[in-house]
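Here is my note on the model you sent. Please read it with the coordinates open.

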Amino acid sequence: MDFDTALASLFQPEGRLDPYPAYDVIRDRAPAVQAFEGQWFITTHALVSRLLRDPGLRVADPGDYDRSWPGWRENRGVASVVLSMLQTNPPDHSRVRRAAASTFTARRVAAMRDVITALAGELIDEMPAEADFISAFAYPLPIAVICALLGIPESERRWFRQRAADLTVVLEPISTEEEMRRADKAGRELEAYFTGLIADRRHTPREDLTSALVAAQDTQLTGEELLANLVLLLVAGFETTTNLLGTGLKILLEHPGQADRLRSSVDLAPAFVEEILRYDSPVQLTSRFTGEPLELGDGVTLDRGVMLTMLLGSANRDPARYPDPHRFDPDRPNVQPVSFGGGAHYCLGAPLARLEAQVAFPLLLNRLPGLALSGSPVRRDRLVLRGYSSLPVTTSA
């Protein structure tokens, strides 16, 4: 595969099924490759890690969208993302991030272990002999966890799945008019739901994350920011974790010897989860823009306003950082995947996603010793968010 073919394959359904051969070709060209006019791909672990933490880089924020797409607020799916902390820069990002971090604390996450274990156990008990793992477990577990944190009643949780799936298309570089129409509809419905939840918690606070964020609004958040970030926490709180659980289980079942190790040694779970994140990241790329001239190395200097697309999936399989990178090896030393980003925009929910996976995989393997793949998995056709829409399994040998 030559460079031009590799680059083009990332924007074709067949190439997105397995982008790693294309990443290898692109990475072999250089750590930073000019893909299109005004856009560079960053391919290596070292450079991606460095640039994710560079305070001189910025994300496309509402002001940028005002200049490039004046009507973006009319699509409420787009607005929900752009107005959230995901697409803001300092000082606004720092202020909003502090408010969210002060409520989404390590203690609050750690306290969820027993809840996650109980929820996962219930789903395993209910799983039929022939099941779609995504629908039966990988979706309902993280949605139940984030809804429990936000204080959303159990009876309303199923309602969110399709709306979240429709909204996340706005994160993709390629979408159809119909997909964007569905994203707008999903954004409006989610905003309406959270507007009601905010009003309820303002009147009757509870011990949940929504109440904590509502309390922070008066001093730290605008009403628009509160609404957008609640939508973000819900969608991001389970979308990537669903992908992590589905992808991770498929990897484990394709490596039965490693699955047996994890089944007998639960304390290996953190290392297994880190290697799953490295081996097939649920988020494959993220973008930044130069806020000032940037020295990339090798005599390359970029002007202000250049788009840098960090190929997280490529960085995680960089042979300069991980020998034999296409081999799944939970015994690798010092695994540091860039799957959750880095720097100021490091994923706020990363500890929760890791905890859910660390609890779920050993529990699944031990409670369902005959768990096996059956049928043909179906991948979602996405470049940014990588995962399965269907993963057929049998739960008994």
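1. At what angle do α15 and helix α16 (residues 256-264) pack, and how far apart are their axes? The angle is about 110 degrees, and the axes are 5 Å apart. Axes here are lines fitted to C-alpha atoms, for helices over the stretch in contact, and angles run from 0 to 180 degrees between N-to-C directions. That makes α15 roughly perpendicular to α16. The angle classes are: under 35 degrees roughly parallel, over 145 roughly antiparallel, 65 to 115 roughly perpendicular, the rest oblique. Leu252, Leu253 and Glu254 of α15 make the contact with Pro256, Ala259 and Leu262 of α16. Contact means heavy atoms within 4.5 Å. By class, this contact has five nonpolar, no polar and one charged residues. Nonpolar covers Ala, Val, Leu, Ile, Met, Phe, Trp, Tyr, Cys and Pro; charged covers Asp, Glu, Lys and Arg; the others, Gly among them, are polar.

2. A word on provenance. This is a predicted model: local features need pLDDT of at least 70, side-chain atom pairs count only at pLDDT 80 or more, and totals for chains, interfaces and linings use all residues. Residues are numbered from 1 along each chain as its sequence is written, and side-chain values use heavy atoms, with hydrogens and water left out.

3. Overall build. The chain has 19 helices and 12 strands. Helices (H or I, at least four residues) and strands (E, at least two) are DSSP runs, numbered from the N terminus. The radius of gyration is 21 Å, close to the 21 Å that the globule rule gives for 397 residues, so the chain is as compact as a globular protein of that length. That radius is taken over C-alpha atoms; the rule is 2.2 Å times the number of residues to the power 0.38. The C-alpha trace spans about 55 × 55 × 40 Å along its principal axes.

4. Of the 397 residues, 57% are buried. Buried means under 20% relative accessible area, exposed over 50%, partly exposed in between (1.4 Å probe, protein chains only). Among contacts with a separation of 6 or more, 69% join residues 24 or more positions apart.

5. The other α15 packing. Helix α12 (residues 160-167) meets helix α15 (residues 223-254) at about 95 degrees, with the axes 10 Å apart. That makes α12 roughly perpendicular to α15. From α12 come Phe160, Arg161, Ala164, Ala165 and Leu167; from α15 come Val231, Leu234, Val235, Phe238 and Glu239. The residues of this contact divide into eight nonpolar, no polar and two charged.

6. Look at Glu239. This residue sits in helix α15. Is Glu239 buried or exposed? Glu239 counts as buried, at 6% relative accessibility. Leaving out residues up to four places away in sequence, Glu239 touches Ala165, Thr168, Arg380 and Leu385. Its C-alpha is separated by 15 Å from that of Leu149, 90 residues apart along the chain.

7. The five-stranded sheet. This open sheet has the order β1-β2-β8-β5-β3, with mixed pairing. Two strands pair if DSSP finds at least two bridges between them. The edge strands are β1 and β3 (57-58), each pairing on one side only. Strand β2 runs parallel to strand β8 (residues 307-311), joined by four bridges. Gln39 has Met307 as its bridge partner in β8. Helix α4 (residues 45-52) packs on the sheet and touches β1, β2, β3, β5 (285-290) and β8. The direction of α4 makes about 125 degrees with that of β8.

8. Two hairpins. Strands β1 (residues 32-36) and β2 (residues 39-42) run antiparallel, with four bridges. Two residues lie between them, and Gly38 in the turn has a positive phi of about 80 degrees. Strands β6 (residues 294-297) and β7 (residues 300-302) also run antiparallel, with three bridges. Glu295 stands opposite Thr301 in β7. This hairpin too has two residues between its strands; Asp298 in the turn has a positive phi of about 55 degrees.

9. The three-stranded sheet. Its order is β4-β12-β9; the sheet is open and the pairing antiparallel. The edge strands are β4 (130-132) and β9 (372-373). Three bridges join β4 to β12 (residues 392-394). Ala131 has Val393 as its bridge partner in β12.
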